[in-house]
Amino acid sequence: MFVAYPFGSILYHAFTRWDGIDPPQWVGLHNFRLLWQDPIYLHAIRNNAIFALSVPVQLVLPLIVAYVIHRRVPGWAFFRATVFLPAVYAAVVIGILTSTVLQLDGPFNQALHAIGLGALRHEWLGSATTSIPMILLVVIWTNFGYNVLLYLAGMSAIDPSLEESARIDGAGWIRILFSVIVPNLRRVVEIVLVVNTITAFAFMFTYIYTITNGGPGTDTYVTEFYIYQQAFTDQNMGYAAAIGVMLVVMVLAVGLLQIRILTREGR
């Protein structure tokens, strides 16, 4: 009822011209041919690919922080709670907060001016050159605690004697991390990789809508946001459904490719 029927409806309407009210008109593959001639759609895919570039960062940095916490450094419980804190807040709250902080007269620019760096004041959300990197940082920060928690859960299941044996043999913490810990975290790494890749392609709408609303112009459009614009602003439901189908195919292909590569490497 809540998955199969809606997806079947989207798949059907992807081959129609439909405004959401009048009866749909069958147009075959017209919507899909139109996609590859649509510069906004191609630009949205490009932005999704840019956001996907953050995935390696979201793989490595949380792993290092998780290992530091795992080794019970002084104050580790405080660090664990602090790192996970952003994951508690709704993406809408984080997006609105980011939009407020990065305004031209917002707290971030005021702080720069207060410490004598007023020359660096900038309208951070005024162009794709700065707005996309800022959104990238927000996404990394938001997902950071969740990724750390996944790694910590995986590390807690590793036999402590493996680390102890490596330490007796003279291995440093970096060698232990990449020669003992990481090989035993392969399944966790797969989860973190696939989940964050899917996020980059299919869970960016909230951040874009609340931080830049796709602007300036269409500079920060992503595929999800373009679906929303076509469906609910332009009432072009058939075309929006076609974009949605292509998004599902794209995410499925990337996810399966990643799992296949990691599984082959594991064997």
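Predicted model: local features only at pLDDT ≥ 70, side-chain atom pairs only at ≥ 80, totals over all residues.
Residues are numbered from 1 along each chain as its sequence is written, and side-chain values use heavy atoms, with hydrogens and water left out.

**View 1. A nonpolar surface patch formed by L85, V88, Y89 and V93.** Together these residues make about 370 Å² of patch, with areas from the Shrake-Rupley method (1.4 Å probe, only the protein chains shown counting as cover). V93 sits in helix α6 (residues 91-101); helices (H or I, at least four residues) and strands (E, at least two) are DSSP runs, numbered from the N terminus. V93 is partly exposed at 46% relative accessible area, on a scale where buried means under 20%, exposed over 50% and partly exposed in between.

**View 2. The aromatic pair of Y12 and W26.** Rings of Phe, Tyr and Trp (its six-membered ring) pair if their centres lie within 6.5 Å; planes under 30 degrees apart are stacked, over 60 edge-to-face and the rest tilted. The count by this rule is 16 aromatic pairs. For Y12 and W26, the centres are 5.9 Å apart and the planes at 40°, so this pair is tilted. Y12 belongs to helix α1 (residues 4-13) and W26 to strand β2 (residues 25-26), so the pair ties together parts 14 residues apart in sequence. Y12 is partly exposed at 41%, while W26 is exposed at 57%.

**View 3. The edge-to-face pair of F108 and W124.** Here the rings are 5.5 Å centre to centre, with 65° between the planes. F108 lies in helix α7 (residues 107-114) and W124 in the loop between α7 and α8 (128-156), 16 residues apart. F108 is partly exposed at 32%, whereas W124 is buried at 15%.

**View 4. The largest nonpolar core, with 41 residues.** Such a core is a set of buried Ala, Val, Leu, Ile, Met, Phe, Trp, Tyr and Cys residues joined through side-chain atoms within 4.5 Å. Y41, F51 and I135 have the most contacts inside this core. Helix α14 gives the most to the core, with 10 residues.

Methods:
Buried < 20%, exposed > 50% of the residue type's maximum accessible area, 1.4 Å probe, protein only. Patch = residues over 30% accessible without salt bridge, like charges linked within 9 Å, V, L, I, M, F, W, Y side chains within 5 Å. Salt bridge = Lys/Arg side-chain N within 4 Å of Asp/Glu carboxyl O.
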